[in-house]
Amino acid sequence: MSESSAGVVVVGAGLGAIRLAENLRTNGYVESITLIGAEAHPPYDRPPLSKSVLLGKDDRVDLKPGDFYGEHGIELRLGERVTAIAPDDKTVTIERPDDPAHSETLRYDTLVLATGLAPRAFPGADPDLAGVHLLRTYDDAVALRSEIDAAQTAVVIGAGFIGCEVAASLFTRGLSVSLVEPAQTPLAAALGTQIGALVARLHTDNGIDVHAGVGVSELIADAGKVRAVKLSDGTELAADIVVVGIGSTPVTDYLDGSGIALAAREDGGGIACDTTGHTSAADVFAIGDVANWLDDSGKPKRVEHWNHTVEQASIVAHQIVGGDAVTASVPYFWSDQFDLKIQVLGSPRADDDLHIASDDGKKFLAYYSRDGYLTAVIGAGKVGAVMKTRPKLQTRTPISEVI
Ligand SMILES: Cc1cc2nc3c(=O)[nH]c(=O)nc-3n(C[C@H](O)[C@H](O)[C@H](O)COP(=O)(O)OP(=O)(O)OC[C@H]3O[C@@H](n4cnc5c(N)ncnc54)[C@H](O)[C@@H]3O)c2cc1C
């Protein structure tokens with residue numbers, strides 16, 4: 001390690017950060033690597049939070065064993081928050097929420113921004129109202145899980161992926177669950193209403209009370225604790241627990257005044273990057289949920305999925321060690337709801353044409369196309385068929401060759 005080197009500093013110590021650090025060492029990077037994370041926990045995996053952690057089946061979500069960091073010369077600074085960045089000086093300012101007097105400046109050679117998302121609270125709700133939960137962190141999941149045994153009813157507001165998974169997990173834990181979604185179906189914005197209807201069927205058939213096409217007007221409380229949710233059609237749903245899953249916003253507050261460009265809100269927001277993760281500042285990259293990279297067609301695109309983050313971490317690490325930028329492969333994500341694994345390969349859009357290839361009332365397989373060409377495949381309980389489509393998504397394939 002050279003004495004003058006300040007190495008790689010990563011803001012955020014989540015999935016993107018640890019994968020980046022690991023890739024750097026694998027690719028022969030010998031300078032210092034420092035991960036700065038606002039949470040008290042070492043890097044952990046978020047997908048189990050809405051699934052096995054809530055189900056009480058799993059509590060070990062760490063992405064690496066404790067000795068990994070020392071063995072690989074990766075410094076973890078946990079419970080510390082980056083509050084400012086000065087690209088001209090190549091420094092970050094670090095503060096400790098538990099010690100307000102502490103403020104420190106750290107140099108970097110290369111900076112990677114991997115600060116993820118913050119979940120949106122229900123607009124206008126008292127943030128201290130007991131029984132109301134958001135789900136992004138391990139601590140959020142443990143707080144929600146700790147209330148399940150004493151509860152009988154739950155309302156999940158928002159039927160995106162996390163809302164659908166939480167509804168399934170709470171129902172499996174024995175609660176009577178209502179799932180409320182203002183759009184016409186669950187997952188309509190991501191997957192379109194036809195697939196959304198199949199997902200709604202999955203939940204209804206399993207016993208969830210699905211209210212789609214209706215908003216929430218009010219959280220009703222007694223003595224500082226939620227007791228019901230009032231819908232915009234006047235329906236009142238009993239709720240010992242409310243989980244709010246109405247989306248998240250990229251965490252970029254620490255970039256104020258840095259000059260680092262953000263993407264426009266209508267383009268998905270987050271940190272504006274080129275096709276390989278460079279931000280508008282020299283030697284500063286962004287990866288993961290917070291990063292808005294240009295896609296192959298030059299359009300800004302921000303994605304909130306696990307595989308995407310892992311892939312971006314690898315692409316950026318490769319460049320930091322001096323390799324050529326490699327391009328991304330076919331996008332992939334999954335969601336576990338009840339006993340079904342829903343998998344999506346490719347880039348579906350809600351307004352693509354949809355071709356349902358099979359549907360037995362529970363498991364289904366469908367293809368998306370745009371302008372006559374395959375864009376994505378979705379399967380529920382159809383692992384083999386989904387994965388077999390990968391080569392066809394790697395090239396431009398007419399939909400007529402698939403259906
Ligand atoms: C409940 C849940 C279930 C999910 N399930 C799936 C799934 O089934 N399939 C799938 O594909 N994806 C899933 N995801 C998405 C996946 O987990 C994310 O895509 C992934 O975690 C993104 O990694 P990241 O490194 O960008 O952000 P994160 O993992 O969120 O890490 C960011 C870290 O940065 C820290 N941070 C923020 N600001 C600062 C600051 N100023 N200073 C220091 N640290 C800071 C945060 O505290 C956080 O720990 C799920 C996510 C959640 C929350």
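Ala 86 stands opposite Thr 91 in strand 5. Strand 4 (residues 81-86) and strand 5 (residues 91-96) pair in the antiparallel sense over five bridges; two strands count as paired if DSSP finds at least two bridges between them. Four residues lie between the strands of this hairpin, in which Lys 90 takes a positive phi near 55 degrees. Strands (E, at least two residues) and helices (H or I, at least four) are DSSP runs, numbered from the N terminus.

The model is a predicted one, in which local features need pLDDT of at least 70 and side-chain atom pairs count only at pLDDT 80 or more, while totals for chains, interfaces and linings use all residues. Residues are numbered from 1 along each chain as its sequence is written.

## The nonpolar cores

A nonpolar core is a set of buried Ala, Val, Leu, Ile, Met, Phe, Trp, Tyr and Cys residues joined through C-beta atoms within 7 Å. The largest has 61 residues, of which Val 155, Val 156, Ala 167, Val 229, Val 242 and Val 243 touch the most other members. Helix 5 (residues 161-172) gives the most to this core, with eight residues. A second, separate core of 46 residues includes Val 10, Ile 36, Tyr 254 and Val 284.

Gln 394 lies in helix 10 (residues 390-394). This residue is exposed because 11 other C-beta atoms lie within 10 Å; the cut-offs are 20 or more for buried, 12 or fewer for exposed, and partly exposed in between, with C-beta atoms placed from the backbone.
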